[in-house]
Amino acid sequence: MASLAVFDFDRTVVDGDSDATIINRLREKQPPPEWEASNYDWTPYMSDVFEHAYSAGLSQADILDSIASMRPTPGLEELIKTLAAAGWDVLILTDANTVFVNHWLKVHGLLEHVTSVVTNRAFWQNGRLFIEPHMHQTACPRCPSNLCKSLALAQWCAQRPPYSNVFYAGDGRNDFCPATSLPPHATVFPRRGYPLDDLIKKTLASPNPQIKAKVVPWDDCYRILQETFPGKTNSIV
Ligand SMILES: [Mg+2]
Ligand SMILES: [Zn+2]
């Protein structure tokens, strides 16, 4: 039977946040003040950021170099390579974008170990980066219209064989919705001290917890390795 590992990207695969990395690079370029004006939807907001990055002279190479320089969370490379070698499907499910995620995975030698990346589509046109919402959903009230990770995960799984083992590793608020949709035999790995960890703690302390899966908080990916391949990681941890 097949096994599936699902990873969020920002603050899970990479230690930092890819959008924030580019926003910080843009701040160095002193863009006009209005670009930080509030925009409630993240995808159009990032689209504005990319437009200003382009006008401020932040080149494609600058942006890609900033993304490539993001550090993996400790143990991540070993974890993904071990999963792939053991025949697991590895899915990256994120509200970042295809350009950032694919570039980072390629530079870090992980693209070939990842089965699929599900995220907002981005593309370059004349040196400017454009981003499109992954979906337009109204079915899930707790997620933004461009991405409900539960919905995206269900759609992706519908095209795959049934999985006997499933785990989900993430850190953010938008990882809570998919965490609630995991079956009891699955494991959710919330990054300790981050919003997903807090939301899970809250629901588990309530009379009707929304989480059915096993919960294992993590500080680094060696913890996930240890839980997924017990006994195999003695030399690493
Ligand atoms: Mg995240
Ligand atoms: Zn949702």
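The predicted model contains an open sheet of seven strands in the order β4-β3-β2-β1-β5-β6-β7, with mixed pairing. Helices (H or I, at least four residues) and strands (E, at least two) are DSSP runs, numbered from the N terminus, and two strands pair if DSSP finds at least two bridges between them. β4 and β7 stand at the edges with a single partner strand each, so one side of each has no neighbour in the sheet. Because this is a predicted model, local features need pLDDT of at least 70 and side-chain atom pairs count only at pLDDT 80 or more, while totals for chains, interfaces and linings use all residues. Residues are numbered from 1 along each chain as its sequence is written, and chains are lettered from A and ligands numbered from 1 in the order in which they are written.

The pairings can be followed across the sheet. β3 (116–125) and β4 (128–132) pair in the antiparallel sense over five bridges, and Trp124 stands opposite Leu129 in β4. β1 (2–7) is joined to β2 (residues 89–97) by four bridges, and these two strands run parallel. Val6 has Leu91 in β2 as its bridge partner. On pairing with β5 (163–170), β1 is again parallel, over six bridges, with Phe167 in β5 as the bridge partner of Ala5. Phe167 also has a bridge partner in β6, namely Thr187, and β5 and β6 pair in the parallel sense over four bridges. β6 and β7 (residues 214–215) are likewise parallel, over two bridges, and Val188 has Val215 in β7 as its bridge partner.

A residue is buried if 20 or more other C-beta atoms lie within 10 Å of its own, exposed if 12 or fewer, and partly exposed in between, with C-beta atoms placed from the backbone. A nonpolar core is a set of buried Ala, Val, Leu, Ile, Met, Phe, Trp, Tyr and Cys residues joined through C-beta atoms within 7 Å. The largest such core has 59 residues, and those with the most contacts inside it are Ala5, Val6, Ile92, Tyr168, Ala179 and Val188. β2 gives the most to this core, with five residues. In soluble globular proteins, nonpolar side chains tend to be buried together. Two residues are in contact if their C-beta atoms, placed from the backbone, lie within 7 Å. When residues up to four places away in sequence are not counted, Tyr168 touches Val6, Pro178, Ala179, Leu182, Ala186, Val188 and Phe189.

Axes are lines fitted to C-alpha atoms, for helices over the stretch in contact, and angles run from 0 to 180 degrees between N-to-C directions. Helix α6 (149–157) lies across β1, β2 and β3, running at about 145° to β2. In helix α9 (residues 221–228), the buried residues are Cys221, Arg223, Ile224, Leu225 and Thr228. These buried residues pack against α4 (76–85), β5 and β6 (187–190). Leu76, in helix α4, counts as buried because it has 23 C-beta neighbours inside 10 Å. Apart from neighbours within four places in sequence, Leu76 is in contact with Val13 and Cys221.

Helix α1 (residues 18–28) and helix α2 (residues 42–55) pack at an angle of about 35°, with their axes 10 Å apart. The contact is made by Asp19, Ile22, Ile23 and Leu26 of α1 and by Met46, Val49, His52 and Ala53 of α2. By class, this contact has six nonpolar, one polar and one charged residues. Here Ala, Val, Leu, Ile, Met, Phe, Trp, Tyr, Cys and Pro count as nonpolar, Asp, Glu, Lys and Arg as charged, and the others, Gly among them, as polar.

Two loop residues have positive phi values. Most residues other than glycine have a negative phi, and most peptide bonds are trans. Arg11, in the loop between β1 and α1, has a phi near 60°. Arg11 is buried because 20 other C-beta atoms lie within 10 Å. Asn126, in the loop between β3 and β4, has a phi of about 50°. With 6 other C-beta atoms within 10 Å, Asn126 is exposed. Ala139, in the loop between β4 and α6, also counts as exposed, with 10 C-beta neighbours inside 10 Å.
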